[in-house]
Amino acid sequence: MPGWLRKTLTVVVLLALAGLIVWAFVPTPEPVEVARVARGALRVAVEDEGQTRVRDRYTVAAPIAGRMQRIELDPGDVVEAGERLAVIAPPAAAALDVRARDEAAARVEAARANVARTGAEVARVEVELAYAQRERDRIDRLVAADAAPERQLDEARVLEQSRQQMLEAAQWTRQIAEHELTQARAALQTYPDGPSGGGDRPLFEVVAPARASVLRVHERSERYVMPGAVLLELGDVSGLEIVLDVLSDDASRIAAGQAAQVIRYADQRAWPARVRLVEPAAFTEVSALGVDEQRVNVILDFADDAQGWGELGDAYRVDVRVITWEAEDVLLMPTSALFREGEDRAVFRVIDGRARRQLVEVGRQSGQQTQVIAGLDEGDAVVLYPTDRIEDGTRVEPRQ
């Protein structure tokens, strides 16, 4: 073999060995998941578990003492106003019980005062409803003249709908109060003045205050009952509302009129709803981890265009999503790309195959998306789920 060829082969082998040694010590790119910053719609929501509740509910109690006959009604039965619910036979000595008669007279006075109170409440809500209707008409004219945004008209309509529902509830309450006064007066008649001469007393009938469905039967069997013993629960199942208890921090972001979704847990069917009320007082509840939490009840109504929610009943479990903020065109990035950098937030941008640390300013966040205020541009690639194996300048390779 000529000398020049031997030298050439030697040089080639040495260069190959050097290349192999260099390649062996060069770190391999870290495989990472990568996503692009893009523009899109963002909706921020408060999500928690709620429960349906009959808005207009009435608890039927025994107005007098006596032996109650067996109640034949079952949950789900519909009763009309004035229909007999239960029959109580007062004891023969009832007329001689002066103390019981005085208590019955006191219940009549209390029922009369309750009728006056509920009447005043109906009058108050009627005034608020009239104002809400005038306000809705005024904003409707402004929107027609392009002098007000559609959002104000939507809020005015929600307020009017809320006041209408409050009026219906107040009228139901007044009707119940009037029924209780009638029953209290009838109960008082079982205690006539002076001795009755003994003998059997006439049967006392407990009747329904309004057309409603039987929700629960608390006392079914024949037995002796005392005044105030709960017999049944009645309610209008066509008027369901949703009660959602959320953390007080989340409640501060919820306001009346905000849109929501009610989702049935079993099949994930969703119905549109709106927030009617955020209760002003919080309560303490112990979490599953034994931590005291301050929670607030949020009351929602099904929206006018909600279809099929009649499949739900009283005390059904549902998942609720309240939309607290939304925008149609914002710069978005996956929330999983963010990490803490001291007091700031940062991401790893992928530039020329390397991860570069980049501080960012973020805005609203949903569960998966975060609004980008500054630090990134549309189309930038960011590393998802960054680990401690990635540092500024680390070579990375997107996973396929």
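Author: Threonine 324 counts as buried because its relative accessibility is 17%, where buried means under 20% relative accessible area, exposed over 50% and partly exposed in between (1.4 Å probe, protein chains only).

Reader: What kind of model is this?

Author: This is a predicted model, in which local features need pLDDT of at least 70 and side-chain atom pairs count only at pLDDT 80 or more, while totals for chains, interfaces and linings use all residues. Residues are numbered from 1 along each chain as its sequence is written, and side-chain values use heavy atoms, with hydrogens and water left out.

Reader: Where is threonine 324 placed?

Author: Threonine 324 lies in strand S16, residues 317-334. Strands (E, at least two residues) and helices (H or I, at least four) are DSSP runs, numbered from the N terminus.

Reader: Which residues is threonine 324 in contact with, leaving aside neighbours within four places in sequence?

Author: Its contacts are Val44, Ala45, Val46, Arg253, Ile254 and Gln258; contact means heavy atoms within 4.5 Å.

Reader: Turning to S11, how many of its eight residues are buried?

Author: Seven of the eight residues of strand S11 (240-247) are buried, so the strand is mostly covered.

Reader: Which strands are joined to S11?

Author: Strand S2 (residues 38-54) is joined to S11 by five bridges and runs antiparallel to it; threonine 52 has isoleucine 242 as its bridge partner in S11. Seven bridges join S11 to strand S15 (residues 292-302), again antiparallel, and here glutamate 241 has aspartate 301 as its partner. Two strands pair if DSSP finds at least two bridges between them.

Reader: And what is the order of the open sheet with S3 in it?

Author: The order of that four-stranded open sheet is S3-S10-S8-S5, with antiparallel pairing. Strand S3 (57-61) and strand S5 (78-79) are the edge strands, each pairing on one side only. Helix H3 (residues 150-188) packs on this sheet and touches S3 and strand S8 (212-217). The direction of H3 makes about 10° with that of S3; axes are lines fitted to C-alpha atoms, for helices over the stretch in contact, and angles run from 0 to 180 degrees between N-to-C directions.

Reader: Which residue stands opposite arginine 67 in S9?

Author: Tyrosine 224 stands opposite arginine 67, and three bridges join strand S4 (residues 66-68) to S9.
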